[in-house]
Number of protein chains: 2
Amino acid sequence: MIHEIARLTIDPTRAEAFEAAVGAARAHFEAAKGFVSFALERVLENPAHYRLVVGWESLEAHTVDFRSSEGFQAWRALAGPFFVAPPEVEHVTRVL
Amino acid sequence: MIHEIARLTIDPTRAEAFEAAVGAARAHFEAAKGFVSFALERVLENPAHYRLVVGWESLEAHTVDFRSSEGFQAWRALAGPFFVAPPEVEHVTRVL
């Protein structure tokens with residue numbers, strides 16, 4: 001299992017609507033093949049920065065299966081309009 | 001509750017020794033006032049990058065209490081020699 005971590009940057013004056021959009025998009029992740037867990041975190045030091053943290057059974061479940069799915073298109077349609085910078089995505093595996 | 005997220009950069013040829021040092025330091029976090037959880041994650045896209053993710057009861061439990069404690073000194077003594085860049089630390093709160 002791995003975690004996708006996407007750093008998302010928005011206009012912080014639109015935070016409430018952004019969080020509602022991510023909440024609406026959550027079901028598209030939960031319905032995806034290989035989905036494990038979902039969280040949205042906000043950075044205390046910078047209210048324009050959020051982190052989407054999604055657990056997947058494998059790297060490919062995110063980078064191949066989900067990104068080629070209608071669920072990904074739906075996620076981007078909901079949340080994408082809020083982004084003021086390209087999302088920065090990386091993947092991590094827990095070692096301790 | 002909040003999470004401290006520290007991006008740590010090391011020489012990846014020393015990964016095994018670094019992970020052992022973090023494992024040895026774990027008890028110093030677990031003994032700290034306000035400690036909640038501990039994880040070390042490795043970034044798949046760049047083996048020089050790790051993320052230390054520590055849950056704390058409050059921001060101050062990390063930034064005030066822990067950073068002024070002997071446990072923090074012990075952590076830095078164990079892991080600091082592996083750092084090849086200053087740690088980049090931020091704090092997040094879960095919103096979804």
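Let's start inside chain B. The buried residues of α1(B) are F18(B), V22(B), A25(B), H28(B) and F29(B). Buried here is a count: 20 or more other C-beta atoms within 10 Å of the residue's own, with exposed at 12 or fewer, partly exposed in between, and C-beta atoms placed from the backbone. Helices (H or I, at least four residues) and strands (E, at least two) are DSSP runs, numbered from the N terminus.

A word on the source. This is a predicted model, where local features need pLDDT of at least 70, side-chain atom pairs count only at pLDDT 80 or more, and totals for chains, interfaces and linings use all residues. Residues are numbered from 1 along each chain as its sequence is written, while chains are lettered from A and ligands numbered from 1 in the order in which they are written.

Back to the helix. What lies over those buried residues? The cover includes β2 (35-43), β3 (49-56) and α3 (70-79) of chain B. Helix α1 of chain B runs over residues 15-30, 16 residues in total. From first C-alpha to last, α1(B) reaches 22 Å, close to the 22 Å expected at 1.5 Å a residue. That expected span is 1.5 Å times one less than the number of residues. There is a bend of about 30 degrees in α1(B), at A24(B). The bend is the angle between axes fitted to the seven residues ending at a residue and the seven starting there.

Next, the sheet in chain A. Two strands pair if DSSP finds at least two bridges between them. Strand β1 (residues 2-9) of chain A pairs with strand β3 (residues 49-56) of chain A, antiparallel, over 8 bridges. In that pairing I5(A) stands opposite V53(A). β1(A) is also joined to β4(A), antiparallel, by 5 bridges. There, A6(A) faces V89(A). Strand β2 (residues 35-43) of chain A runs antiparallel to β3(A), with 7 bridges. R42(A) sits opposite Y50(A) in β3(A). The link from β2(A) to β3(A) is a hairpin through 5 residues.

One residue on a helix of chain A. A77(A) is in helix α3 (residues 70-79) of chain A. Buried or exposed? A77(A) counts as exposed, because it has 12 C-beta neighbours inside 10 Å. A77(A) and A25(A) are 52 residues apart in sequence, yet 9.0 Å apart in space, C-alpha to C-alpha.

Now the two chains together.

Then the interface. 21 residues of chain B are in contact with 21 residues of chain A; contact means C-beta atoms, placed from the backbone, within 7 Å. On the chain B side, α1, β2 and β4 (88-94) each supply at least two residues. That side divides into 10 nonpolar, 3 polar and 8 charged residues. Nonpolar covers Ala, Val, Leu, Ile, Met, Phe, Trp, Tyr, Cys and Pro; charged covers Asp, Glu, Lys and Arg; the others, Gly among them, are polar. 100% of the interface residues of chain B are also interface residues in chain A, so the copies meet through the same surface.

β4 (residues 88-94) of chain A joins β2(B), antiparallel, by 3 bridges, and V92(A) stands opposite V43(B). β2(A) and β4(B) pair antiparallel over 3 bridges, with V43(A) opposite V92(B).

Definitions and conventions. Contact = placed C-beta atoms within 7 Å.
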